[in-house]
Amino acid sequence: MQVVMKRNGFFLSIAMISLLLSPSLSSCSTENFVMIYSGAEEERNTYLYQQLYDRFPEYEIIIQSVGSSMIYTKLANEGTYSDCDIFYDVDITNGAQLSSIEPSILCDLGPYSENIPDYADSVNNITTIEDGFIVDCKTNLGIVINTSVLDQHNVPIPKSFQDLLNPIYNNLIQMPNPKSSGTGYGFYNGMVSLLGKEAALDYFRQLRPNINEFTSSGSAPLKALERGEIGIAIGMVWQGIQYSNENPDIQTIIPEEGSPYNLFVMGMVEGHQEREAVPSVFEYLADELNYEQTIRFTSDVIYAEQAPSLTPNYPTNVSEIRMIGLKDPEYKKDLLDSWEY
């Protein structure tokens, strides 16, 4: 796990957290200490921390990088005694699971909702503040290619998910494993939503010979793609566009079938809002900062009134697959139990 902490120009190691938490060793009061568990990518965490530090120089803020499933597990096990004050970018299914089985862990967000921007209609129907969390991110998925590698193998650029089944792409594709990655689960659930469960399972059986690796990380296929180790990656559109802007050999394709997507949420741990620093940071994060990071990084539309992406060449009006069961933990469990790889 990585901890993002840039106060005084250095990065804080995990081993030093206990020193900050100790009142006798820390220069700050625990009243001014805020711990954020974040499932977001490194560049987003770094941006969020820098903005929070500029806004609240009087607070000691740590953003600890923790996988979405691990955040759920830690909160479910630790309850309101968790070191976590604010959770950020947790897969919505994990958030719904927590809200369902351990609702007392999640702070009532009603008192903090007045200034939170309105969400787009596409997400209003599946998540509400009453759940104890709000959507912080939407990640559309696409096909990202390295044209140089495809040229070396004399194969065409795929235009659809169906194209990826062609044996000419043998060992040229990486995708994240749905059991460890929200990106991988988004693709898996997208194909189930599009084709039905049995047809989707058959799709992945046919795709398997072309898969170089099922990675544990959602970002790993794009990194392998950039290194020229593979020709095709299943990845998040926003990351693909960033790679495309930096490397002319990389292109990001919205598949003809449409783009699958996943949603991620944030909230506070019950009782921790009694320390003034925690709701102050959360309100700024929910009311302003998350909007700023959305148009700067992920850019997929979650707000009713959302400015165009600040990322050059970001696609607009992306056609999406109508996703099923995004907020249903039992649906996700059933799909993951059926995953064969």
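Predicted model: local features only at pLDDT ≥ 70, side-chain atom pairs only at ≥ 80, totals over all residues.
**View 1. The whole protein chain.** The protein chain has twelve helices and ten strands. It holds 341 residues, and buried residues make up 56% of them. Take the contacts in the protein chain with a separation of 6 or more: 77% of these join residues 24 or more positions apart.

**View 2. Helix H2 against helix H11.** Helix H2 spans residues 42-55, and helix H11 spans residues 277-298. Their axes come within 11 Å and cross at roughly 135 degrees. The crossing of the two helices is right-handed.

**View 3. Residues where H2 and H11 meet.** From H2 come Glu 43, Arg 44, Tyr 47, Leu 48, Gln 51, Leu 52 and Arg 55. On the H11 side, the residues they meet include Val 281, Tyr 284, Leu 285, Glu 288 and Leu 289. Further along H11, Glu 292, Gln 293, Arg 296, Phe 297 and Thr 298 also belong to the contact. The residues of this contact divide into eight nonpolar, three polar and six charged.

**View 4. The largest nonpolar core, around Phe 187.** This core has 92 residues. Phe 187 and Leu 207 have the most contacts inside it. H11 gives the most to this core, with nine residues. Leaving aside neighbours within four places in sequence, Phe 187 is in contact with Leu 141, Phe 161, Met 175, Tyr 203, Phe 204, Leu 207, Ile 234 and Pro 260. Another core, of eight residues, lies apart from the largest one. Among its residues are Val 144, Leu 222, Ala 224 and Ala 233.

Key
Residues numbered from 1 in each chain as written. Heavy atoms only, no water. Axes fitted to C-alpha atoms, helices over the stretch in contact; angles between N-to-C directions. Helix = DSSP H or I, 4+ residues; strand = E, 2+ residues; numbered from the N terminus. Left-handed = near helix turned anticlockwise from the far one by under 90°. Contact = heavy atoms within 4.5 Å. Nonpolar A, V, L, I, M, F, W, Y, C, P; charged D, E, K, R; others polar. Core = buried A, V, L, I, M, F, W, Y, C linked by side-chain atoms within 4.5 Å. Buried < 20%, exposed > 50% of the residue type's maximum accessible area, 1.4 Å probe, protein only.
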